Amino acid sequence: MIVRPPRDDDDEQIYEVSRLAFGGPRQPEPRSLWSAQPGWHGLVAELDDRVVGTLKVRDYRQYFGGAAVPMGGVANVAVAPGARGHGVANALIDAILPEMRDRGQCVSALYPSVPPLYRGRGWEQTGNYERVTLRPEYFAMLPRPAERLVMRRGAKDDMPGLHDCYQRFARDVDGMLDRATDSFKVEWLLDQDILEVVPGEDGTVRGYLTGERPDGEKLVVHDLVADDVDTLRTLFANLARWAGIIEQISLRIDDPAWWQLVLPQPVLHDVRNHPWMLRVVDLPAAVAARGWPVAAHLADTAVDIEVADEHAPWQSGRHRLVVESGTVRCEPGGQGTVRLHARALGPWFAGSADTAMLRRAGVIEGDLVAARVLDLLTGAPRLPRMADSF
Ligand SMILES: CC(C)(COP(=O)(O)OP(=O)(O)OC[C@H]1O[C@@H](n2cnc3c(N)ncnc32)[C@H](O)[C@@H]1OP(=O)(O)O)[C@@H](O)C(=O)NCCC(=O)NCCS
């Protein structure tokens, strides 16, 4: 078996492997061919001159501590049915890890359909991608906005303001993408069925709503982003106006502000979640790229850690996490006081698991009193969220 970068003339074979794995029409739409897509790198596995395995990494940046951390979003992991069970997926993942590191993608996230595959290679469950379905009448029960705000269909000129509005929100929620890499074009929003904008002053946007109206009695909301509670209530009032026409509004829960603190949550409701996994690919680079807002309030200190990471051996071994004058860095060396399995690094970095949880899961050991500094730094445990699936 050969593992190599894809070529443009692999397009059809790649599509076929992917179609058999995930479904789709027999004839690909031109934009679903890899060579037509921007902002990614990838690998294919070739056996007897045929493509039998695929893996693509999208170029993303993910907010942690208010800073956008370069992230490789692993997608399209698929192996042709006849080639499964012989280590093709493992070989692709092993080959992509050093490539992500070389490209500066110091963390990697993915939405697993087969978690054991990725867990075995150092990814761990970290954040949520949740949806809730509510009846439109439900939004009519909410208080009206104190201020009457204009709301209108968004246009091309709104796009810079809309993107700024998204980023103001996203940088406050650990795990959100910055949507500023080649993998995104904000103009794509102009194709959405629903694109409602609450304009602010001087071309700014205070909030917006995007979504689709598929067949049937449903509305699927994508983004619902608002700077303040009046804007939020204006957007919800817009959703209430679908009452009588549709039965269900599906909302993605990105912003814990409106979900936990503004909507009165229905007594009984179902939330569907597709958890995502995170892996640290290059620990010193990831520590340097992340924001550490709490560090400014901590006395100078250090934690010595020892990482066991057989699939990313460049970060195996001893490191010292140094907190100094409000900054955090990761240096080589130290005593290895706290020992972390590779799988502990993602949840620690994201702050989704504290060291007590990591210990009970068997992925951290050693001096766990010293390890408490690791929790203080990230504010763990807290739930990261991502609004984009891939
Ligand atoms: C999942 C898939 C990519 C695995 O490919 P593969 O080449 O057969 O995987 P490998 O032989 O390299 O096995 C890798 C590891 O994953 C495990 N694994 C593979 N498929 C699994 C499954 N369906 N459930 C649980 N574990 C699985 C293997 O046991 C192996 O574990 P090990 O490293 O501890 O031995 C392949 O079955 C496939 O294309 N499935 C359909 C698409 C899909 O689900 N892709 C994943 C998207 S997130």
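I began with the ligand: 17 residues surround it, and the closest are Ala21, Arg84, Val88, Ala89 and Leu117. I keep in mind that this is a predicted model.

Next I asked which elements supply at least two residues each of the shell around the ligand. I found β4 (67-79), α2 (88-102) and α3 (115-119). I then sorted the shell by residue type. Ten of its residues are nonpolar, six are polar and one is charged.

I turned to the domains. The domain assignment gives three entries: domain 1 spans 2-105, domain 2 spans 130-273 and domain 3 spans 277-378. How far apart do the C-alpha centres of domain 2 and domain 3 lie? I read 36 Å.

I then traced an open sheet of five strands. Its order runs β17-β16-β15-β18-β19, and the pairing is mixed. Which strands form the edges? They are β17 (327-332) and β19 (364-366), each of which pairs on one side only. From one strand to the next, the twist averages 30°.

β18 (residues 338-341) pairs with β19 in the antiparallel sense, over three bridges. Across this pair, I noted that Arg339 stands opposite Glu365 in β19.

Last, I checked what lies across these strands. Helix α9 (residues 342-350) does: it lies across β15 (301-308), β18 and β19. I noted its direction too, with α9 running at about 100° to β18.

Definitions and conventions
Residues are numbered from 1 along each chain as its sequence is written. This is a predicted model: local features need pLDDT of at least 70, side-chain atom pairs count only at pLDDT 80 or more; totals for chains, interfaces and linings use all residues. A residue is near a molecule or strand if its C-beta atom, placed from the backbone, lies within 6 Å of it. Helices (H or I, at least four residues) and strands (E, at least two) are DSSP runs, numbered from the N terminus. Ala, Val, Leu, Ile, Met, Phe, Trp, Tyr, Cys and Pro count as nonpolar, Asp, Glu, Lys and Arg as charged, and the others, Gly among them, as polar. Domain bounds come from an automatic or database domain assignment. Two strands pair if DSSP finds at least two bridges between them. Axes are lines fitted to C-alpha atoms, for helices over the stretch in contact, and angles run from 0 to 180 degrees between N-to-C directions. Two residues are in contact if their C-beta atoms, placed from the backbone, lie within 7 Å.
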